[in-house]
Amino acid sequence: MAFRQALQLAACGLAGGSAAVLFSAVAVGKPRGGGDADVRATEPPTWTGVSRPGPGVWDSNWDRREPLSLINLKKRNVESGEEELASRLDHYKAKATRHIFLIRHSQYNVDGSLEKDRTLTPLGREQAELTGLRLASLGLKFNKIVHSSMTRAVETTDIISKHLPGVSRVSTDLLREGAPIEPDPPVSHWKPEAVQYYEDGARIEAAFRNYIHRADAKQEEDSYEIFICHANVIRYIVCRALQFPPEGWLRLSLNNGSITHLVIRPNGRVALRTLGDTGFMPPDKITRS
């Protein structure tokens, strides 16, 4: 079968990058039916750079920032011993907590022929106002807003920013909407081509690695950061951050303008405070389109 053949080729010495690309392409694009269907969930695509340690096992070095993993023990000074090791560990140890607020864009015109035409609806603009008011009411000192470069995310950010004066904002293509990974179980109404998972998945995984991690060792105070993007991106990030199977992202549902709050402690532990909160909106203002 295609999946097993790829593993055999890789095991027989197919060179470095070629083996990774082959394995990744087969893992993302193999068919659902037939005997390979039960193999599919054994490992995530290789571009994630991680393997599952097993059910219920937390990988404390999930963000590759565990202090001990950053130290070259071979260069350790035998004479100074444990004191030197403790000092070096402290140098790499995070001290602050990061609060990540993931905001889904507001309702937009889905019929726009071009991406630039998919602007917020009047209701979507109301939703963004309500989300901005909610964030402002929390009384937190937000450090920055990072937003997707897609029109609906930019317009949502424009409105929310009015309620958070002085908070800097940065646009990025990494947070654009896409197909992060083939969902399990599959759905009949949404079936991107395998190549889209391969291209979008690598980009969205890059967004996760770039933005979701414990605080830098130099960060002294807790931070409060807002990321305004898209449902698929947020759901994938939540699954990855909590070390849930990323293929389960489509089992989650997020309303427009909703707030998802992740907390990353200095020791790398991650907690989900809220998922897709829109309790601050009147019922007639809530949508998921």
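Welcome! The buried residues of helix 5 (151-162) are covered by elements that include strand 1 (98-104), helix 4 (122-137), strand 2 (144-148), strand 3 (168-172) and strand 4 (223-229). Here, buried means under 20% relative accessible area with a 1.4 Å probe and protein chains only, and covering rests on contact, meaning heavy atoms within 4.5 Å. This is a predicted model, in which local features need pLDDT of at least 70, side-chain atom pairs count only at pLDDT 80 or more, and totals for chains, interfaces and linings use all residues. Residues are numbered from 1 along each chain as its sequence is written, and side-chain values use heavy atoms, leaving out hydrogens and water.

**The whole chain**
- There are seven helices and six strands, counted as DSSP runs (helices H or I, at least four residues; strands E, at least two) numbered from the N terminus.
- Along the sequence they follow the pattern α-α-α-β-α-β-α-β-α-β-α-β-β.
- Of the 289 residues in the chain, 45% are buried.

**Helix 5**
- Nine of the 12 residues of helix 5 are buried, among them Ala153, Ile159 and Ile160.

**Helices 6 and 7**
- The axes of helix 6 (residues 194-211) and helix 7 (residues 231-241) come within 10 Å and cross at roughly 55°; axes are lines fitted to C-alpha atoms over the stretch in contact, with angles from 0 to 180 degrees between N-to-C directions.
- Ile204, Glu205 and Phe208 of helix 6 make the contact with Val233, Tyr236, Ile237, Arg240 and Ala241 of helix 7.

Conventions:
Buried < 20%, exposed > 50% of the residue type's maximum accessible area, 1.4 Å probe, protein only.
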